[in-house]
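Colleague: I am new to this structure and would like to learn how to read its features one at a time. Could you take me through them, giving the general idea before each case?

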Amino acid sequence: MNQKILIVDDKQANLMALQQTLAEVQAEVISALSGDEALRLALNHNFALAILDVNMPEMDGYELAEILRNDERTQFTPIIFLTALCVEETDVFKGYEAGAVDYLVKPYNPRILLGKVRGFLLLDQQRKLLHQQQKQLEATNRELEAFSYSVSHDLKAPLRALSGFSEALVEDYGEVIQGEGQLYLKRLQNSAKEMADLIDDLLRLSRSTRAEMHRSEVNLSQMAKKIIGQLELQQPDHPIEISVMADLFAYADQGLMLSVLENLFSNAWKFTQNRDDAHIEFGCREIDGQVTYYVRDNGAGFNMSMADKLFTPFGRLHRRDEYPGTGIGLATVQRIIHRHGGRIWAESEPDRGASFFFQLGEEIKLPEVLAANPLRVSNAP
């Protein structure tokens, strides 16, 4: 990696001495005898470091540093002041205010200067490496977006055809196809639907880590009630009592939090389907000094010895024929929570329900009305 150092001094002898000192470092040293010359060089070179004299005619080191710091091409270039002037504290402060990262007085110790220079060159290498990795990551994300579109378009199209033609067979030739033929067609339709659901969930999992985040104050209580309303429309015959704590807010991305609550409530709804006294509760409490939200149900539950599978894609703790699903929803939830700087975990016992807790790494006051006075929504008959 070819690195360059800019040195500026109005005395040629000082420049030659500094060049000799810097001969030990693996970098190209380019010199300037004035501030104007230094600015012209800065237009044509990408400098890893600038070492400036303070006392120069026409444009002193402070003025030069301020110009470099205010130009987007050189605003991140580290600047070291090197001066033979009698230095007061006010001079040093002025140097740092102008944008310097260090201030040395002549005669300087060459070993100390070399150590500082090597340190800044290493930082420049790391900065360039990070920039390169960022560009590679952006390119990878663009490829993933293109792949996601291809998956959504190219894979779902034949699935729609499979589903459509199988339905047409049932409608148009149902009287001809009997017995096992009908069963095979039904399995074909179910498999096509499962594959379409799996593709959708994989796309959601992929986008959960790449979607741009926009945090704002989100009313989780209101969001939960809307999700519950949608679940009630889908399964109006599922008798269930639901408790939603009022006035739960979070500073989060609204779209991503909607995905979190949809997955958690859908799971709770699904795993309570065999209970006559089904109950789901959404609320919050303080754990380890942080606001902790939870979704709790009294459904099928699971053995905690299997909890490590919960948040892995395709991880399932129940048979598919008992509780259908792709096994991707909780993996998506975990990725979204982690993107918010939080964490998620679960507590459960078989046949005694499950509780999912999540924190968003935020500092926000608990609502004045806690679990003792929740907003209750009931779907019981």
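Modeller: Let us begin with pairing, where two strands count as paired if DSSP finds at least two bridges between them. This is a predicted model, and in it strand S4 (residues 79-83) and S5 pair in the parallel sense over 4 bridges, with Leu82 standing opposite Leu104 in S5.

Colleague: In what order do the strands of that open sheet follow one another?

Modeller: The open sheet has 5 strands in the order S2-S1-S3-S4-S5, and their pairing is parallel. Strand S2 (28-32) and strand S5 (102-105) are the edge strands, each of which pairs on one side only. On average, neighbouring strands of this sheet are turned by 20° against each other when direction is ignored.

Colleague: Which strands does helix H3 touch?

Modeller: Helix H3 (residues 61-70) packs on the sheet and touches S1, strand S3 (49-52), S4 and S5, while its direction makes about 175° with that of S4. Helix H2 (residues 35-44), for its part, lies across strand S1 (4-8) and S2, running at about 140° to S2.

Colleague: How many helices and strands does the protein chain have in total, and what share of its residues is buried?

Modeller: The protein chain has 9 helices and 13 strands, and buried residues make up 41% of its 381 residues. Among contacts between residues at least 6 apart in sequence, 68% join residues at least 24 apart.

Colleague: How should I read a strand such as S12, and which way do its residues point?

Modeller: The general idea is that in a regular strand the side chains alternate between the two faces of the sheet. In S12, Ala354, Phe356 and Phe358 point one way and Ser355, Phe357 and Gln359 the other way, and all are buried. Strand S12 (residues 354-359) is accordingly described as mostly covered, with 6 of its 6 residues buried.

Colleague: Which strands pair with S12?

Modeller: Strand S10 (residues 290-297) pairs with S12 in the antiparallel sense over 5 bridges, and Tyr293 stands opposite Phe358 in S12. S11 also pairs with S12 in the antiparallel sense, over 6 bridges, and here the bridge partner of Glu347 is Ser355.

Colleague: What lies between S11 and S12?

Modeller: S11 and S12 form a hairpin with 5 residues between them, and Asp351 in the turn has a positive phi of about 65°. Asp351 counts as exposed because its relative accessible area is 59%, and the cut-off for that word is over 50%. Glu58, in the loop between S3 and H3, also has a positive phi of about 65° although it is not a glycine.

Colleague: Where does Ala354 sit, and what does Ala354 touch?

Modeller: Ala354 is in strand S12 and counts as buried because its relative accessibility is 6%. Not counting residues up to four places away in sequence, Ala354 touches Val295, Arg296, Asp297, Phe302, Glu347 and Ser348. Ala354 and Asn298 are 56 residues apart in sequence, yet their C-alpha atoms are 6.5 Å apart in space.

Colleague: Which residues touch the most other members of the largest nonpolar core?

Modeller: In soluble globular proteins, nonpolar side chains tend to be buried together. The largest nonpolar core here has 46 residues, and Leu220, Phe265, Phe282, Tyr293, Phe356 and Phe358 touch the most other members. Helix H8 (residues 254-271) gives the most to this core, with 8 residues. Apart from it lies another core, of 22 residues, among them Tyr62, Leu68, Ala98 and Ala100.

Colleague: Is His340 buried or exposed, and what does its side chain reach?

Modeller: His340 is placed in the loop between helix H9 (329-339) and strand S11 (343-348), and it counts as buried because its relative accessibility is 3%. The side chain of His340 reaches the backbone oxygen of Ile336 at 2.9 Å. Leaving aside neighbours within four places in sequence, the contacts of His340 include Met213, Arg215, Asp253 and Leu360.

Colleague: Which two residues does a cis peptide bond join?

Modeller: A cis peptide bond joins Lys106 and Pro107, with omega at about -5°, and Pro107 lies in the loop between S5 and helix H5 (110-173).

Conventions
Residues numbered from 1 in each chain as written. Predicted model: local features only at pLDDT ≥ 70, side-chain atom pairs only at ≥ 80, totals over all residues. Heavy atoms only, no water. Core = buried A, V, L, I, M, F, W, Y, C linked by side-chain atoms within 4.5 Å. Buried < 20%, exposed > 50% of the residue type's maximum accessible area, 1.4 Å probe, protein only. Helix = DSSP H or I, 4+ residues; strand = E, 2+ residues; numbered from the N terminus. Polar contact = N/O pair within 3.5 Å; in protein donor to acceptor, adjacent residues only side chain to side chain. Contact = heavy atoms within 4.5 Å. Axes fitted to C-alpha atoms, helices over the stretch in contact; angles between N-to-C directions.
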